[in-house]
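Here is a briefing on one structure. Look at the sequence and the model, then read the points below.

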Protein chains: 2
Amino acid sequence: MLAYRDLTKEQLEEELLKQKEAYKEICAKNISLDMSRGKPGPDQLDLSMDMLDVFNSKSELKSENGFDCRNYGVMDGIPEAKKLMADIMGTKPENVIVYGNASLNIMYDTVSRSYTHGVNGSTPWCKLEKVKWLCPVPGYDRHFAVTEQFGIEMINVPLLEDGPDMDMVEELVSKDAAIKGIWCVPKYANPTGTSYSDETVKRMAALKPAAEDFRIYWDNAYGIHHLYDDEANQDQILDILSECEKAGNPDMVYEFASTSKVTFPGSGVAALATSKNNIEFIKKQMTIQTIGHDKINQLRHVRYFKDINGVKKHMMKHAEKLRPKFQAVITMLDKELKDADIATWTNPKGGYFISFDVMEGCAKKIVQMCKEAGMVLTGAGATYPYGKDPEDKNIRIAPSFPSPEELVEASKILIVCTKIATIEKMLDK
Amino acid sequence: MLAYRDLTKEQLEEELLKQKEAYKEICAKNISLDMSRGKPGPDQLDLSMDMLDVFNSKSELKSENGFDCRNYGVMDGIPEAKKLMADIMGTKPENVIVYGNASLNIMYDTVSRSYTHGVNGSTPWCKLEKVKWLCPVPGYDRHFAVTEQFGIEMINVPLLEDGPDMDMVEELVSKDAAIKGIWCVPKYANPTGTSYSDETVKRMAALKPAAEDFRIYWDNAYGIHHLYDDEANQDQILDILSECEKAGNPDMVYEFASTSKVTFPGSGVAALATSKNNIEFIKKQMTIQTIGHDKINQLRHVRYFKDINGVKKHMMKHAEKLRPKFQAVITMLDKELKDADIATWTNPKGGYFISFDVMEGCAKKIVQMCKEAGMVLTGAGATYPYGKDPEDKNIRIAPSFPSPEELVEASKILIVCTKIATIEKMLDK
């Protein structure tokens, strides 16, 4: 089959009729599918059910240093949970604060604290005329929502194949003291699956920001979320904390991670990793906000996994469930869209998303058509600050929740809608 | 024995020598006791161990409306958890948001949100010149720490036998639009054990604040924490939400509660109860901060207790453990200090504290002496904003953690130190 651009007007019209017919048939099926969020499938949740056997009424709930985890106290996490979360992030336990159930909550609270109380003694952001933020795009909608909530002006930075456009980041950060942060998903990024190259990490760590309170928000959400078992097919990134230290910027980064997509989303353990200085400042505020997080759940996680090797083994069970799902989508896209050459998509080695780029000006229409056919996708534009994709071309596909069979159906809908929207655009309809 | 005030100078000197001898003997024992915080004792924690048998790897983790509690979602809590927390607070499920593990965290976040984003559309407090707060005293140190953290000016209001001095509250609140809130522990207050009378609750609900964004922070921390089984010996308070509604102030109150002192502190469930308007505004911010709290733990609590009757029965087991502890302290105080008439103390029907008032100017010294003898009390002054007890006379006793035997020892230390400090004050030494 020819690429759409090589078709005549008549051929395009013919193809459009054919696809519209297919779309009508799909709509008649009353399908109901959801590929909007990075939710683990029920089969993945089943993988962690044994964790509920770890404790019973006879259990000893003491941490390794003898603390009774059932009672108040230990604000920053029990030692063994710090160790496990440090290993997940590739850093040291003394750099870790263990929090509650969600890294999003830590990120929100970190921005909120900077807004209300500044960063390690700097002016609280609420007292500043203007605060700006760098947002590699496409990126994670919930990140952008946090900075938008605090009235922070977000600046798009292109996410290239090896990470954000560092020339642009360096330039902006060094010149504008209003820029206080950058959102990064350094490994298997949401939604592209991009992992930062060593050079990108090193350049990030060596930034010379004009603002002393500039921080890198390093959301290592998919640090251990590989899709393949063999190391050749796994991305690895440098440890940002030690790179920042080496570069003389020890306090410049906050790293976030959680077990939300390891055990149970909502019932996992989340953590922050950062420098000693930062931890000291954060704890001063944190001690006003809470007496401590759920230590029984921290202990439950550690007893279940024992150590990082237990976690890694567990992640391979997730990979086995997820791989066929990614493959179902990508196989369909390869088969049905490659020749037409009207879209590009990523084929990541980990994470939870496939990023799907269509012809400029078509994304919104495609998502809308899919919705009308019974398939919910993440809103077009969601991968950009303010929900505004300047080219209206990026669509995020979240293949984790539906079954592989459903994903074949879902891909068909997406493909038909993409074809129709593209031809109509080409024909200027 | 005579009251100290009726002793001659010589008799006082003699008594002082005697007590100093006793103090020396106590110090020689190398005691180590902690009555500083309202921590449940290990025997109380044992009461909830069966809750860990509720779930195992074979459990069905679906909420009553069919939601898989293992996955993301349900930001404001599963329906059955809303119902249980509503029953604990004496309100309706539709007024409830279920949060994570701690009501302190909800309170902090509520103040923080008002500071960053205002209250239902009002000017964010960070943009105001001055924000003030009413603090019934003595009160809960962690409350005062939250408002202090946000630079809010705290105004002491005497806590009388039936609640805060409402004449003063009404007067201040109606005249000063900078006053945005009041901290209340309406039942078995920390530290006095006071419960608000019906009249106090009604007057509170009928306040006519000058500030439209004034809110009552109703920390119903001890709503079901009775020390006695018979209802005649249990305090009851009116439901503030319906009183506010009746008074035409439906949005004026946030009520907080948790199961921290019901099951496991740190691993419990906390909740907010408030009006529909307030919930709507709060959820708009909350959806940026979190995807949801620990629903498995919510479900665990509901499956364990079944309903409010299960909770009430459970609380009576706590009462059985706590009663002898309160009695151990109060018996000792009655026996050793009543005649001397140099201190007063509360004998509450619930809650976690005994409030102990000594001669003006003596509290700090007594706490310091106790510490040197091996017994840690809450810092003197902690029950007042900024840690400043203007009369230096209130000491908070937290009898829940030590055993009754240890409490007899602890009381002896407190009594000796109180006697010494008082006589030295009387003799102007």
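Predicted model: local features only at pLDDT ≥ 70, side-chain atom pairs only at ≥ 80, totals over all residues.

Residues are numbered from 1 along each chain as its sequence is written, chains are lettered from A and ligands numbered from 1 in the order in which they are written, and side-chain values use heavy atoms, with hydrogens and water left out.

**Contact between chain A and chain B**
- Each side is counted by contact (heavy atoms within 4.5 Å). Chain A gives 57 residues and chain B gives 57 residues.
- About 4900 Å² is buried between chain A and chain B, with 50% from carbon and sulfur atoms. Buried area is the accessible area (1.4 Å probe) that two parts lose on being put together, summed over both.
- Arg70(A), Tyr72(A) and Ile288(A) supply 16% of what chain A buries against chain B, more than any other three residues.
- Between the chains there are 22 residue pairs in polar contact, both residues at pLDDT 80 or more. A polar contact is a pair of N or O atoms within 3.5 Å; within protein, one must be able to donate a hydrogen and the other to accept it, and residues adjacent in sequence count only if both atoms are side-chain atoms.
- Helix H4(A) gives the most to the side of chain A that touches chain B, with 8 residues.
- That side of chain A divides into 23 nonpolar, 21 polar and 13 charged residues. Ala, Val, Leu, Ile, Met, Phe, Trp, Tyr, Cys and Pro count as nonpolar, Asp, Glu, Lys and Arg as charged, and the others, Gly among them, as polar.

- Chain A is divided into domain 1 (4-44 + 313-426) and domain 2 (62-306). The bounds come from an automatic or database domain assignment.
- The C-alpha centres of the two domains lie 30 Å apart. Their contact takes 30 residues from domain 1 and 34 residues from domain 2.
- The domains bury about 2800 Å² between them, 61% of it on carbon and sulfur atoms. Met315(A), Lys349(A) and Tyr386(A) supply 25% of the area that domain 1 buries against domain 2, more than any other three residues.
- The domains share 12 residue pairs in polar contact, both at pLDDT 80 or more.
- Helix H11(A) gives the most to the domain 1 side, with 9 residues.

**Salt bridges**
- A salt bridge is a side-chain nitrogen of Lys or Arg within 4 Å of a carboxyl oxygen of Asp or Glu.
- Between chain A and chain B the count is 2 salt bridges. Arg70(B) pairs with Asp46(A), the closest N and O atoms being 2.7 Å apart.
- Across the domain interface of chain A there are 2 salt bridges. Asp235(A) pairs with Lys349(A) at 3.9 Å between the closest N and O atoms.
- Asp341(B) forms a salt bridge with Arg5(B), with the closest N and O atoms 2.0 Å apart. This pair links distant parts of the chain, 336 residues apart.

Terms used. Helix = DSSP H or I, 4+ residues; strand = E, 2+ residues; numbered from the N terminus.
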